[in-house]
Structure formats: C-alpha cells, structure tokens
Amino acid sequence: MNADLHCHSVVSDGTLTPEELAERAAGNGVELWALTDHDEIGGQHRAAAAARANGMKYLTGTEISVTFAGETVHIVGLGFDAGDTRMLEGLTATRGGREARAREMAAQLAQVGIPGAYEGALKYVGNPELISRTHFARFLVEVGACKDTPEVFRKYLTEGKPGYVPHRWASLKDAVQWITLGGGIAVIAHPARYKFTANEEYALFSEFKAHGGRGVEVVTGSHTAAEATRYAGTAKEFGLAASRGSDFHSPDESHTDLGKLPPLPEGLTPVWELLADRIR
Ligand code: AMP
Ligand code: MN
Ligand code: MN
Ligand code: MN
C-alpha cells in the first residue's frame, strides 16, 4: 500500500492547493492519502473530494503543535471526525497566538537589519490564521538574507537566533484527546527531529501512550534510513502502530516528494490497518 499520511497545503505552510497536492500524490502512485495541515482542518473537505476525483482513498488529517518538556512536538491526527467541535475549538485556540508571535518575530528581525518581515511573510500566507515560520523563511530567501530555507533555520527563527519567539502550544493530553474523541488515531510526528534526552523521549512516548496515543511516524521525509530503523524499534517497544508520510510542503523546498518514500520496515502494524473503518 502506497500510503502518504503527512503533507501541507496553502491552508497552512505548503505552497500547493489541496487539489494540486491530490493530483501530484495520485500521479506519484499514492493509494491512501491524508492532508495534515498545521493546527488546521479547513482543507479537509477539498482534500477528500480531490482524493476521490483522483482515485485515492482518504483519511482526515492534521498536525497539531504541542509543547512538551519545553520543546515543540508535532502530533499528527488521522481518521478523526472533521466536524467534531472539540477538535475545531481546540485547533482554533492553538492557532490563536500565531499573529502576536509573528509580530514579535518581525520586530526581532528588524533589529538585525531586516525590516518589513511581517508584511513580507504575509505575502506567502494562504490562511490569515496560520502565519508560520515557514512564511518568514520564504521572505528571508526572497530578500536575499539566506539562499534557501534550511539556511534560514540555521541562522534565524530557531532558539538563540534572531526571530525566535518561544510559544506555548497545545498540551500533549489535549491534542491526543481531540483526535481520539473524534474516532481518530494520534501519531507522534518525525520523532528523530526533537532535541530530547533519552529520558525526555521516554517520557514523551510513555505519556503519549497513557493519554491514548497509538502511532508513531517511522518512515517520513525527515528521517534517514537509520532513524526509521531506530523508531521501528521504538514502535515495537511501546506497542505503537507505524505511520508513513513525506511531510511534503513545496516542489521547490521539499526533498521528499509525495508517495516517494521507502516502505515501512517489516514486523510493524501500519496505522492504516487500525483505521480501516475510517478510510473514505
Ligand atoms: P511554526 O509552526 O510556525 O513554528 O513553523 C514550523 C514549520 O517550520 C515546520 O512545520 C516546518 O515546515 C518549518 N521548519 C522548522 N524547522 C525547519 C528546518 N530546520 N528546515 C526547514 N523547515 C523547517
Ligand atoms: Mn510545516
Ligand atoms: Mn512537523
Ligand atoms: Mn508537517
């Protein structure tokens, strides 16, 4: 099964519409797809319809920003009811601080000689409630402050660098519950990307499970083969199902295209097997 259960549209920080993503995914051989915009499910109806039009099966999706042990962790939700008010209200609250955060980011960038970043980032924003660091990164490349987005995140917008504004997102418990109360499955996104100690990572997986989380991304665009092998072991250790997703954002920025991922390692339960009755 070519499942790709993680990507972003213009409804968050991707550059393609849900329809363009669906066409690209189907063209790359994806059979089961989910659009997982950050803290937002406004694209779900369009994505489901576009999946159908392109002959793909579909699972509802989102990627919720969570603060755990002082770090930002991303929790992917799959197969939940997109009309559930607990999810809708929870995501609205999670998006709430982005505007003020963006203005502070711009103020910091102005202090290091990069004026106009708020307005500049806004030009790339498709959803006014979802201004993100990715939109600032595109502006910083546009004005020549950096050559590409990886360089932006090395020099700006990250802890200790200009333009970094710490932010408190949803709690792990709330995010997992919004997903599971709506009949979906919560998945820890790209676990290798967090700067946790072994103890903190163990706490993340333990607490995630205790709150009802059931999956982990093993194969993702941001894992190396060694990292996938490592988190296949973690999935087995914690009895979690395994997910697979490119985390595709843009043809110009993403190194892993939709559907172009290695298969899940042997011996894991694919998360979509647990979601069979949620697939549309
Ligand atoms: P935000 O939710 O506003 O904090 O923005 C987070 C987004 O920034 C992520 O979803 C990625 O799309 C992007 N991002 C964060 N770190 C990096 C990085 N090192 N390289 C490229 N993109 C990044
Ligand atoms: Mn993103
Ligand atoms: Mn993420
Ligand atoms: Mn993502």
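Are Glu63 and Asp247 buried or exposed? Glu63 is buried, and Asp247 is buried too. Here, buried stands for a relative accessible area under 20%, exposed for over 50%, and partly exposed for what falls in between, using a 1.4 Å probe and the protein chains only.

Before going on, a word on the model and its labels. This is a predicted model, in which local features need pLDDT of at least 70 and side-chain atom pairs count only at pLDDT 80 or more, while totals for chains, interfaces and linings use all residues. Residues are numbered from 1 along each chain as its sequence is written, chains are lettered from A and ligands numbered from 1 in the order in which they are written, and side-chain values use heavy atoms, with hydrogens and water left out.

## The manganese ions

Let us look at the manganese ion (ligand 4). Its protein donors are His6 (NE2), His8 (NE2), Glu63 (OE) and Asp247 (OD), at 2.1 to 2.2 Å. A donor is an N, O or S atom within 2.8 Å of the metal (3.2 Å for Na, K and Ca), and since water is not among the atoms, sites may look incomplete. Along the chain, the donors of ligand 4 are spaced as H-x1-H-x54-E-x183-D. Glu63, in strand 4, and Asp247, in the loop between strand 8 (241-245) and helix 11 (271-274), are 184 residues apart, and this pair links distant parts of the chain. Helices (H or I, at least four residues) and strands (E, at least two) are DSSP runs, numbered from the N terminus.

Because Glu63 sits in strand 4 (residues 61-68) and His74 in strand 5 (residues 71-78), the pair ties together parts that are 11 residues apart in sequence. Glu63 has a relative accessibility of 0%, and His74 is buried as well, at 16%.

## Around ligand 1

Which residues surround ligand 1? They are Asp13, His38, Arg98, Arg101, Ser132, Arg133, Thr134, Phe153 and His249, where a residue counts as near if one of its heavy atoms lies within 4 Å. Helix 4 (98-111) and helix 6 (133-142) each give at least two residues to this shell.

| Residue | Distance to an oxygen atom of ligand 1 |
|---|---|
| Arg133 | 2.8 Å |
| His249 | 3.0 Å |
| Thr134 | 3.3 Å |

On its own, ligand 1 has 500 Å² of accessible area, of which the protein covers 72%. Such areas come from the Shrake-Rupley method with a 1.4 Å probe; for residues, only the protein chains shown count as cover.

## Loops and strands

Now for some loops. Most residues other than glycine have a negative phi. Asp39 has a positive phi of about 50° although it is not a glycine. This residue, Asp39, belongs to the loop between strand 2 (32-33) and helix 2 (44-53) and is buried, at 0%. Leu157 likewise has a positive phi, near 70°. Leu157 is in the loop between helix 7 (149-155) and helix 8 (172-181), and its relative accessibility is 0%.

His223 belongs to the loop between strand 7 (215-220) and helix 10 (225-238). With a relative accessible area of 11%, His223 is buried, and its side chain reaches the backbone nitrogen of Ala192 at 3.2 Å.

Finally, two pairs give a sense of distance. Val73, in strand 5, is buried at 0%, and its C-alpha atom is 7.7 Å from that of Ala189, 116 residues apart along the chain. Ala50, in helix 2, is buried at 7%; its C-alpha atom is 30 Å from that of Asp174, 124 residues apart along the chain.

Key: Polar contact = N/O pair within 3.5 Å; in protein donor to acceptor, adjacent residues only side chain to side chain.
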